[in-house]
Amino acid sequence: MLSTSTTFARIRRIALGCFDGLHLGHEKLLEHLRGEESALVIINKFKSKKLCDGAQRELLSGILSVELDFESVKDLSGEEFLRLLREKFKNLELIVVGYDFRFGKNRLHQAEDIETLSGIKTLIVPEFKRDGLSVHTQMIKRLLSEGEVARAAEFLGRFYSIKGRLVRGQGLGRRELFATLNLKSEGYFLPKFGVYAGFCRVRGGLYAGVIFLGLRGSDGELSLETHILEPFSQEVEEGEALQIFFLSFLRENEKFDNLQDLKQQISADIKRAKEFLKKPFEAAFLRG
C-alpha cells in the first residue's frame with residue numbers, strides 16, 4: 001500500500017467500505033473508480049477473518065488500496081471521520097459507497113449523510129442481487145463455512161483462494177502416502193474442514209490438486225496441504241509463496257485405523273478430483 005502525500009494528492013475518487021474479498025457487489029462500486037485518480041479506502045474490521053489480503057485486493061481491483069484501522073476511527077463522529085478523509089485526500093471530488101454504508105460513532109450516520117455533512121459529491125450504489133440473493137461478505141463466508149465453495153465462487157466472481165508460504169510437514173505423505181505441498185497462512189477465513197478438488201499456484205504455474213484442510217490426526221495441528229495431481233518434479237523451497245484455490249468439496253475429514261485404509265481413500269479422492277477438474281470453467285475465476 002502506497003502512502004506518500006504525492007500519491008494521495010492525485011486521488012479524486014474513493015470508495016468506502018470493508019471490501020473483504022471483493023465480491024460481485026463490490027464490482028458495482030468499482031465501475032465508478034477505474035484509473036490512477038481512484039482508491040479504495042478500507043475500513044478493516046475483519047483482522048483475522050479476511051477473504052483476501054491487501055495485495056490481492058489491489059490486484060483484483062486494479063486500483064490503490066488504503067487501509068484505515070477500524071479501532072482508530074470507530075469512535076470518531078461523522079464530521080470527524082469525513083474531516084479525516086478531507087485531510088488525507090485533499091483533492092477529493094467523489095465518494096462512492098454501498099446502500100447500506102454507515103459511519104460515525106455507533107454507526108449513527110448513513111450513506112445519505114456524507115454529502116450533507118461534507119459537501120463532497122456522493123454516489124450511493126444500490127443493493128446488488130444474484131439469483132435473488134443480496135451479495136455480501138457474510139453470506140459468502142457462510143457458504144464457505146458450509147463447504148459450498150462452488151456456490152461462493154458465483155458471488156465472489158472467482159474461486160476462493162488462500163495465500164501463504166510453504167512449510168515442511170512431517171514427511172509422512174512423501175514416505176508412506178502421497179507427497180504434498182504444505183501451506184502456512186495466517187489471517188484468512190477458513191472454509192469448512194474437509195477434502196477439496198482445486199488448484200495450487202506455485203512458481204507462476206497452476207497445478208491441479210487434492211486439498212486437505214483440517215487438523216492432523218498425528219498432532220492435532222491445523223494443516224492445509226495439496227497433493228499435485230500432475231507430474232511435478234520441482235523442489236520447492238521452504239518459505240516460497242503458494243496459493244490454494246478451492247473448486248469443489250469432495251468429502252468430510254475422517255479418521256482411519258491404518259495407513260492402508262487412508263491410502264485407499266486418498267486414491268479415491270484423487271480419482272474424483274481428476275474427474276471434476278476435467279469440467280470446463282472460466283479461467284478468469286482463477287485470479288487474485
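Q: How do I read the packing of helix α7 and helix α8?

A: Two packed helices are described by the angle between their axes and the distance between the axes. Here, in a predicted model, local features need pLDDT of at least 70, side-chain atom pairs count only at pLDDT 80 or more, and totals for chains, interfaces and linings use all residues. Residues are numbered from 1 along each chain as its sequence is written, and side-chain values use heavy atoms, with hydrogens and water left out. Helix α7 (residues 137-145) packs on helix α8 (residues 149-156) at about 160 degrees, axes 8 Å apart. That makes α7 roughly antiparallel to α8 (angles under 35 degrees count as roughly parallel, over 145 as roughly antiparallel, 65 to 115 as roughly perpendicular, the rest as oblique). Axes are lines fitted to C-alpha atoms, for helices over the stretch in contact, and angles run from 0 to 180 degrees between N-to-C directions. Helices (H or I, at least four residues) and strands (E, at least two) are DSSP runs, numbered from the N terminus.

Q: Which residues make the contact?

A: From α7 come Met139, Ile140, Leu143 and Leu144; from α8 come Val149, Arg151, Ala152, Phe155 and Leu156 (contact means heavy atoms within 4.5 Å). Eight of the contact residues are nonpolar, none polar and one charged (Ala, Val, Leu, Ile, Met, Phe, Trp, Tyr, Cys and Pro count as nonpolar, Asp, Glu, Lys and Arg as charged, the others, Gly among them, as polar).

Q: Which residues of α7 are buried?

A: An α-helix has 3.6 residues a turn, so residues three or four places apart point the same way. In α7, the buried ones are Thr137, Met139, Ile140, Lys141, Leu143 and Leu144 (buried means under 20% relative accessible area, exposed over 50%, partly exposed in between, with a 1.4 Å probe and protein chains only). They pack against α2 (24-30), β9 (133-134) and α8.

Q: What about the strands: how does the barrel run?

A: Strands of a sheet pair through backbone hydrogen bonds, either parallel or antiparallel. This one is a closed barrel of six strands, β10-β11-β14-β13-β12-β15, with antiparallel pairing (two strands pair if DSSP finds at least two bridges between them). Neighbouring strands are turned by 45 degrees against each other on average, direction ignored. As one example, β10 (residues 161-167) pairs with β11 (residues 181-184) over three bridges; Leu183 in β11 is the bridge partner of Leu166.

Q: And where is Leu190?

A: Look in the loop between β11 and β12. At 32% relative accessibility, Leu190 counts as partly exposed.
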